[in-house]
Each structure stands twice: as structure tokens, then as C-alpha cells.
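Here's a quick tour of the links between side chains in this one. Have the model open and follow along.

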Amino acid sequence: MKLWMWFAVPLAGLLGFWLLQPKAPTVEVLPSAALERIDGQMVNLADFKGKPIVLNAWATWCGPCRREMPMLVQAARANPEVHFVFLNISDGPEAVRAFEKELGLKIPNVLLDPEARLSEPLRIQGLPVTLFYDAEGTLVNRHIGEISAVKLEALLQAF
């Protein structure tokens, strides 16, 4: 065996061992982002830390979002120990107000992201998405698609 092989074979083994090691999962945290409320005031998303957070990303044109919204608003009222934040993606305040009027709802904590700036940091690839953060702002669960009342209740119990 050639001299260089005495070094190459163990080195290749170590490299392979290192590459096959499981990677530590990345921790996703609630981003700090200034957003406009439906009333025009600015708020930082990180200001909601201190209580568990349920962040629902939605749009007025999204059918599943329309179906789940009344149940989510009811859950927000029934769980004052949790911040429910409704992040509207791609609509303006007028569209959100018309949506509320059409459904007969008053949605709490509506934040507007008309340019969908938070889609990438929150890893939103479709709507609706409901994200569950602990009081420190660490993501603990993610539900993609329309969420049922049973599923929401189970995830709220996990807080």
C-alpha cells in the first residue's frame, strides 16, 4: 500500500463519520419586525413576547382562512392567557375591514404584511399557517393548512 493511502483512508473515514452525524435542529424564534396594525399604528412582532403566542398567517382571499377565522377569533376570546396574532399577508386595511364586516367578526391583533416580508423568515409557503410560540418567542409547533377546533385545542393544551 502506498504511503499516502495510510493517511487518505483514515482521513476519508473521519470525514465520512463527521458528515453523517445528525445536525442539531435549528431553533426558530419569533422575528423582530415592525408591522402596521389595522388602525395604522406600528407594533413590533417581538412585543407580543411574555405570553404564549398563536400567530395565524392568513389572507382575505384564502378559502381555508375564511373558514377557520371565526373559530380562531372565538379561541382568542376564550384564551386570554395566550396572545393570538393575526398576520394578514398581502391585503391592505380596507380589504381586512371588509372581510371583518362580511363575516361579522372583530379580529384582534391584526397585523398587516402587504408585501409578504415575513413569509421567508416565518417559512410560510402557503396559507393558512398557524405558528405556536412559547412566551420567550421560540417556535414550538407549526400547523400548515386549515386548523380544526380539535387540533387547535390540543396544541393550546401543549402550552
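## Starting with a glutamate

Glutamate 28 is partly exposed, with a relative accessible area of 22%. On that scale, buried means under 20% relative accessible area, exposed over 50%, and partly exposed in between (1.4 Å probe, protein chains only).

Before going further, some housekeeping: this is a predicted model, where local features need pLDDT of at least 70, side-chain atom pairs count only at pLDDT 80 or more, and totals for chains, interfaces and linings use all residues. Residues are numbered from 1 along each chain as its sequence is written, and side-chain values use heavy atoms, with hydrogens and water left out.

## Glutamate 28 and its partners

So what does glutamate 28 pair with? Its salt-bridge partner is arginine 123, with the closest N and O atoms 2.8 Å apart. (A salt bridge here is a side-chain nitrogen of Lys or Arg within 4 Å of a carboxyl oxygen of Asp or Glu.) Arginine 123 sits in the loop between β5 (110-113) and β6 (129-133), and glutamate 28 in the loop between α1 (3-19) and β1 (34-37), so the pair ties together parts that are 95 residues apart in sequence. For these labels, helices (H or I, at least four residues) and strands (E, at least two) are DSSP runs, numbered from the N terminus.

Arginine 123 is partly exposed too, at 48% relative accessible area.

## Two bridges from helix α2

The count of salt bridges comes to 4. One of them joins glutamate 102 to arginine 66, the closest N and O atoms being 2.3 Å apart. Glutamate 102 belongs to helix α3 (residues 93-103) and arginine 66 to helix α2 (residues 63-78), so this contact ties together parts 36 residues apart in sequence. Glutamate 102 is exposed at 56%, while arginine 66 is partly exposed at 24%.

Arginine 67 and glutamate 146 also meet in a salt bridge (2.9 Å, N to O). Here arginine 67 is in helix α2 and glutamate 146 in the loop between β7 (139-144) and α4 (149-157), so parts 79 residues apart in sequence are tied together. Arginine 67 is exposed, at 53%; glutamate 146 is partly exposed, at 36%.

## The disulfide

How many disulfides are there? The count is 1 disulfide, taking a disulfide as a pair of cysteine sulfur atoms within 2.5 Å. Cysteine 62 and cysteine 65 form it, with their sulfur atoms 2.4 Å apart.

The link between cysteine 62 and cysteine 65 is right-handed, with 75 degrees about the S-S bond. Buried or exposed? Both cysteine 62 and cysteine 65 are buried.
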